[in-house]
Amino acid sequence: MGKTLKSSTSNRRRFLKATGASVAALTLAGCASDDAGNGGGDSGGDSGGDSGGSGGDTGTTTGTPEQSVDEVVIGSNHPLSGSLAATGVGMSNAIKLAAMRKNEEGGIESLDGAEVTVIEGDNQGAQELGGQVSEELLSEGADVLTGCYSSPVTTAATQVAERQGVPFVISIAAADNILQGRDFNYVYRPQPPARRLASDYADLVPTVIRDGGGTIDTAGLFYINNSYGQAIRDSLREFLPEQNVEIVEETAIEFGASNANTQVSRLRSADPDTIIATTYVAGGVLLAQALQDQDYRPPYLTASASATFTDDDAVSDIGEFANGVLDNNYALNPTVDKTAEVRSQFLDNYDQEFSASVGMSYTAAEVIIQAVEEAGSVDPDDINEALKGLSYEDHISAMGAIEFDDQGENVNALGPVNQVQDLSVKVVYPEEYAEAEPQV
C-alpha cells in the first residue's frame with residue numbers, strides 16, 4: 001500500500017512566496033464548533049481534537065519540472081470532530097484513498113513517480129477555524145488544498161489560499177458566494193453550486209414526477225438556516241415558478257436543532273404537493289422523525305442538496321419512511337466500472353459507506369492529482385495553470401468532463417436525481433446516469 005498520510009514541514013512552504021515570512025503552526029485544540037453550511041452530511045461524533053499532521057522535516061526541496069520531487073502534498077481541511085465529523089472524516093478518507101490509488105499506480109508519472117501525501121486539519125465545522133486550518137496545512141508543506149464541507153468554513157479557508165497564491169479545489173461547499181463576486185484566481189469547485197443545484201431540481205424533479213403521472217404544483221421549503229440553506233432557498237424561489245411550481249410555505253431549522261415539530265406543523269398546514277428538504281444529515285433525520293410523529297407525509301417528499309437522502313447510513317437510520325424520497329444532489333456514476341471499484345476499496349480500507357458527498361471529495365482529489373500530473377510540477381502557479389486548462393473525464397461523479405470557467409466553476413457540473421428505493425440510494429435521472437427507473 002502506498003504512503004498516504006504523512007506530515008511534511010520542509011522548505012516546501014509555497015505561501016512564503018506571497019508573504020515573505022513563515023507562518024507559525026496554529027493549535028486548534030479547544031476551539032468550539034460554530035455555524036456550518038453546505039450540501040452534505042450532518043451526523044457523527046463530537047469528540048474534538050486536532051488531527052492535522054505535525055512532524056519532523058523531511059528535507060524535501062521545492063519542486064519544479066527541473067528539480068527532484070519526492071512527494072506532492074495535499075492539505076485536507078475537513079471537520080474531523082464535532083457534529084459534521086461522520087461525513088467529514090469520510091471525505092478526508094476519500095482524499096487519502098485517491099492518493100493511495102495513485103501511489104499504487106506508481107505515483108506522479110511526470111514527476112518520476114513522486115508520491116502523493118495527504119495531511120489533515122480539523123476545522124470542527126467552525127467558520128473561525130477554516131482559514132486557521134488552511135494556514136496550518138500550508139505551514140506543514142501542503143502544495144495544494146481541498147475542503148471544507150461547510151460553506152461558511154470554506155469561505156474562510158479559500159480566502160487564505162487565495163491570499164497565499166495556493167490552489168484550492170473545493171471538495172464540497174454549495175454556497176454560490178464562495179466563488180461568485182470574489183474575483184479569485186486560485187479556487188475551483190468541481191461540484192455544482194447552490195444555484196445550479198436548485199436549477200437542476202426545478203428542471204429535473206418535477207419532470208420525473210409528472211412523467212410518472214403525478215402532480216406537483218405547490219411546494220414547501222425546509223432548509224438549514226445558514227448560507228448554504230439560504231442559497232438553495234433563494235434559487236428555488238427563482239426557478240420553481242418557471243416550472244409552474246408555487247412555493248406556499250418556507251420553514252428554516254437552526255444548525256444543532258433538536259427537533260423539527262414546529263416546522264412540520266407549518267408545512268402540514270400549507271398542504272403542499274411536495275416538501276423540499278435542504279439539510280445536513282441530522283436535519284433531514286429530524287424532518288423525517290417529525291413527519292412520522294405527526295403522521296403526515298406530503299404526496300411527494302423530495303430534497304435539493306440534502307445529504308440525508310443520499311447517505312445510505314442515514315437512510316437506514318430513518319427506515320422505511322425514507323423509501324420513495326427524490327433528491328437532486330451530487331451523485332456517483334453507476335454506469336462506469338470504476339465507481340464500484342472505488343466504492344469497494346473505500347469500504348475495505350475505512351469500513352465506511354461511500355456516500356455521494358464522500359465520492360465528490362474523491363473526485364476533487366483526483367482533479368488535484370490530474371492537475372499535478374499535467375503540470376509536471378509542485379509549484380502552485382504551475383498547478384494553477386493546469387487546473388485552468390483541465391478537462392478531466394475519468395472520474396466517478398455523474399456529470400460530464402470537469403472543466404473550469406473563469407470563476408473556477410465546473411461548466412459541466414450536474415445535480416442528478418436520486419431516489420431511495422428499498423433503503424438504497426439510486427440514480428434515476430437523467431437516463432444516461434440512471435441505474436434504476438424512478439418510482440412515483
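A crossing of two helices is called right-handed if the near helix is turned clockwise from the far one by less than a right angle. In this predicted model, the crossing of helix 11 and helix 12 is right-handed. Helix 11 spans residues 356-375 and packs against helix 12 at an angle of about 110 degrees. The two axes lie 8 Å apart. Helix 11 is therefore roughly perpendicular to helix 12, as angles of 65 to 115 degrees are classed that way. On the helix 11 side, the contact is made by V367, A371, V372, E374 and A375. Their counterparts in helix 12 are D382, I383, A386 and L387.

Strand 1 and strand 2 run parallel and are joined by eight bridges. Within this pairing, H78 has D122 of strand 2 as its bridge partner.

Helix 3 covers residues 127-139. Its buried residues are L129, G130, G131, V133, S134, E136, L137, L138 and S139. Several elements contribute to their cover. Among them are strand 1 (71-78), strand 2 and strand 3 (144-147). Helix 4 (151-164) and strand 4 (168-170) are also included. After helix 3 comes G141, with a positive phi near 110 degrees.

Salt bridges number 13 in the structure. One of them joins the side chains of E120 and K96, at 3.4 Å from N to O. E120 belongs to strand 2 (residues 115-122), whereas K96 belongs to helix 2 (residues 85-104). The pair therefore ties together parts that are 24 residues apart in sequence. Both E120 and K96 are buried.

A second pair, E409 and R189, forms a salt bridge at 2.7 Å, N to O. E409 sits in the loop between helix 12 (380-388) and strand 11 (417-421). R189 sits in the loop between strand 5 (187-188) and helix 5 (194-211). This contact therefore ties together parts that are 220 residues apart in sequence. E409 has a relative accessibility of 7% and so counts as buried. R189, at 0% relative accessibility, also counts as buried; the cut-off for this class is under 20%.

The side chains of R233 and D234 meet in a further salt bridge, at 2.8 Å from N to O. R233 counts as buried because its relative accessibility is 15%. D234 is partly exposed, with a relative accessible area of 37%. R233 and D234 also belong to a network of salt bridges that links them with R237 and E250.

Two cis peptide bonds can be described in the backbone. One joins G147 and C148, with omega about 0 degrees. C148 is placed in the loop between strand 3 and helix 4. The other runs from Y429 to P430, with omega near 0 degrees. P430 is found in the segment after strand 12 (424-429).

Positive phi values also occur at residues other than glycine. D183 has a positive phi of about 55 degrees although it is not a glycine. This residue, D183, lies in the loop between strand 4 and strand 5. D183 is exposed, with a relative accessible area of 74%. D271 is likewise not a glycine and has a positive phi of about 55 degrees. Its loop runs between helix 7 (261-270) and strand 8 (274-278). D271 has a relative accessible area of 54% and is therefore exposed, the cut-off being over 50%.

Terms used: Residues numbered from 1 in each chain as written. Predicted model: local features only at pLDDT ≥ 70, side-chain atom pairs only at ≥ 80, totals over all residues. Heavy atoms only, no water. Salt bridge = Lys/Arg side-chain N within 4 Å of Asp/Glu carboxyl O. Helix = DSSP H or I, 4+ residues; strand = E, 2+ residues; numbered from the N terminus. Buried < 20%, exposed > 50% of the residue type's maximum accessible area, 1.4 Å probe, protein only. Contact = heavy atoms within 4.5 Å. Pairing = 2+ DSSP bridges. Axes fitted to C-alpha atoms, helices over the stretch in contact; angles between N-to-C directions. Parallel < 35°, antiparallel > 145°, perpendicular 65-115°, else oblique.
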